[in-house]
Amino acid sequence: MQLNRSLPILSTEPFQFDPMHQDRGFAQMLQQEIEVKQAVVADVQSGVRPNHTEQQLLQRWPMSDYGRIFSQAEEVLRETEADFERFHERSRQVAFDLMRYDIQAMVDVRFGVAGISTSPNEPFMLSDFYLQRLWQAEGPIQSWGRDNPSLTQAISGLGVQHALAKAVTSLQAEQGIERHQAASRGQLDSYVRQVLLRAGNLTGFNPLSSHQLETMGCDLQCVLGVSEFNPRQATAAELRGAAQHLFHSGEIGVENLSLLTHVPRVLGTQIPQGDVNWIDAFRGFVNSASVQGEAQFHLENTLSVLQRLAD
């Protein structure tokens, strides 16, 4: 089922789209918002005690049967297949409409559970000319996603349970680990992060492959909140997730978002799978980059953002 009209070209006018009247899946999901507290209580009673990140997840997408995602993942996959198909169709429609902003075909557009994201179609460069062209394409795409949070979250909400259940089953198959085992070993937070990282990036329109998660993915845990984000010790995926959170909360501009998202690509094959001190990394870019003017200003400003987060 498609949205009832396309996004106007070069306009931030929102979709004239009422999910409550056009899709029962939206109506059911939005009705559940009043049940978020009951959902958390029910999961505690069923033996699943959400950690801090999961509580944030349930505030964004209330799920009264959240515990079943871990205890009955295969059944949840079957039960949520129809909503998941609607999620794919709607994310595809929005992404195609947003591509109209990218006149020079500078970026790939993705729309997963973690939200709308972009990645350069050509090698990322720290040069004024390249960055201005990139920001001209990314600016309206990312701004539209920020300015229409209810619609983007509603679309993602159609796929979140299926994406989570799929992540749970893939972790069990590949690593032989289940939630209760991770909790008993004191590794619940790490396990939840892996589930959310997979759920946020491996489904939707133009998803990543599993080997791209850390280097190109957006950490859904950091998208939900940055209280535990440490720019002196974070993965590239966590940096991207924090950037999305800061952008959507109005704390940074699209130029900062773009730099935080793509500058790790400058490291090329040297980009590590583990934690990085991004303050040191950006300080090195500021000192060595051959950029001037506005681009240099935004690079220095992005370094200041990271330093504030570390304080």
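This is a predicted model: local features need pLDDT of at least 70, side-chain atom pairs count only at pLDDT 80 or more; totals for chains, interfaces and linings use all residues.

**Entry 1**

I started with an open space. How much space lies in the second largest pocket? I found about 270 Å³ there.

Next I looked up who stands around it. The lining of this pocket has 17 residues, and those nearest the centre are Arg60, Thr152, Gln153, Val223 and His248. I then asked which elements send at least two residues to the lining, and I noted strand 2 (115-120), helix 8 (128-147), helix 9 (149-175) and helix 14 (236-248). Helix 9 gives the most, with four residues.

I also sorted the lining by class. My tally reads six nonpolar, nine polar and two charged residues.

**Entry 1: the largest cavity**

The largest cavity has a volume of about 130 Å³. It is lined by 14 residues, with Ser117, Thr118, Met216, Arg240 and Thr261 closest to its centre. I wrote down strand 2, helix 14 and helix 15 (254-262) as elements that each supply at least two lining residues. Strand 2 has the largest share, three residues. By class, I noted three nonpolar, eight polar and three charged residues in this lining.

**Entry 2: the second largest cavity**

The second largest cavity has a volume of about 90 Å³. Its lining is made of 13 residues, and I marked Gly112, Gly115, Ser117, Gly200 and Asn201 as nearest its centre. Two or more lining residues come from each of strand 1 (107-112), strand 2 and helix 11 (188-201). Which element gives the most to this lining? Strand 1 does, with three residues. The classes here are five nonpolar, seven polar and one charged.

Now for the helix pairs. Two packed helices are described by the angle between their axes and the distance between the axes, so I looked up both each time.

The axes of helix 8 and helix 14 come within 10 Å and cross at roughly 65 degrees. That angle makes helix 8 roughly perpendicular to helix 14. The crossing is right-handed. On the helix 8 side, the contact uses Gln142, Ser143, Gly145 and Arg146, and on the helix 14 side it uses Gln244, Phe247 and His248. I counted the classes too: one nonpolar, five polar and one charged.

**Entry 3: helix 7 and helix 9**

Helix 7 (residues 81-98) packs with helix 9 at an angle of about 135 degrees, and their axes are 8 Å apart. These two helices are therefore oblique to each other. Is the crossing left-handed or right-handed? I found a left-handed one.

From helix 7, I listed Glu81, Asp83, Phe84, Arg86, Phe87, Arg90, Ser91 and Val94 in the contact, and from helix 9, Ile155, Ser156, Leu158, Gly159, His162 and Ala163. Together they divide into six nonpolar, four polar and four charged residues.

**Entry 4: helix 9 and helix 11**

Helix 9 came up again, this time with helix 11. Their axes come within 8 Å and cross at roughly 120 degrees. That makes helix 9 oblique to helix 11. This crossing is right-handed.

Which residues meet here? I wrote down Ala163, Leu164, Ala167, Val168, Ser170, Leu171, Glu174 and Gln175 in helix 9, facing Tyr191, Gln194, Val195, Leu196, Arg198 and Ala199 in helix 11. The class tally is nine nonpolar, three polar and two charged.

Terms used. Residues are numbered from 1 along each chain as its sequence is written. Side-chain values use heavy atoms; hydrogens and water are left out. On a 1 Å grid over the protein atoms alone, a cavity is a set of points where a 1.4 Å probe fits but cannot get out, and a pocket is an open set with protein on both sides within 12 Å along at least five of seven lines; lining residues have an atom within 4 Å of a point. Grid points are joined across faces, edges and corners, and a volume is the space filled by probe spheres set on the points. Ala, Val, Leu, Ile, Met, Phe, Trp, Tyr, Cys and Pro count as nonpolar, Asp, Glu, Lys and Arg as charged, and the others, Gly among them, as polar. Axes are lines fitted to C-alpha atoms, for helices over the stretch in contact, and angles run from 0 to 180 degrees between N-to-C directions. Angles under 35 degrees count as roughly parallel, over 145 as roughly antiparallel, 65 to 115 as roughly perpendicular and the rest as oblique. A crossing is left-handed if the near helix is turned anticlockwise from the far one by less than a right angle, and right-handed if clockwise. Contact means heavy atoms within 4.5 Å.
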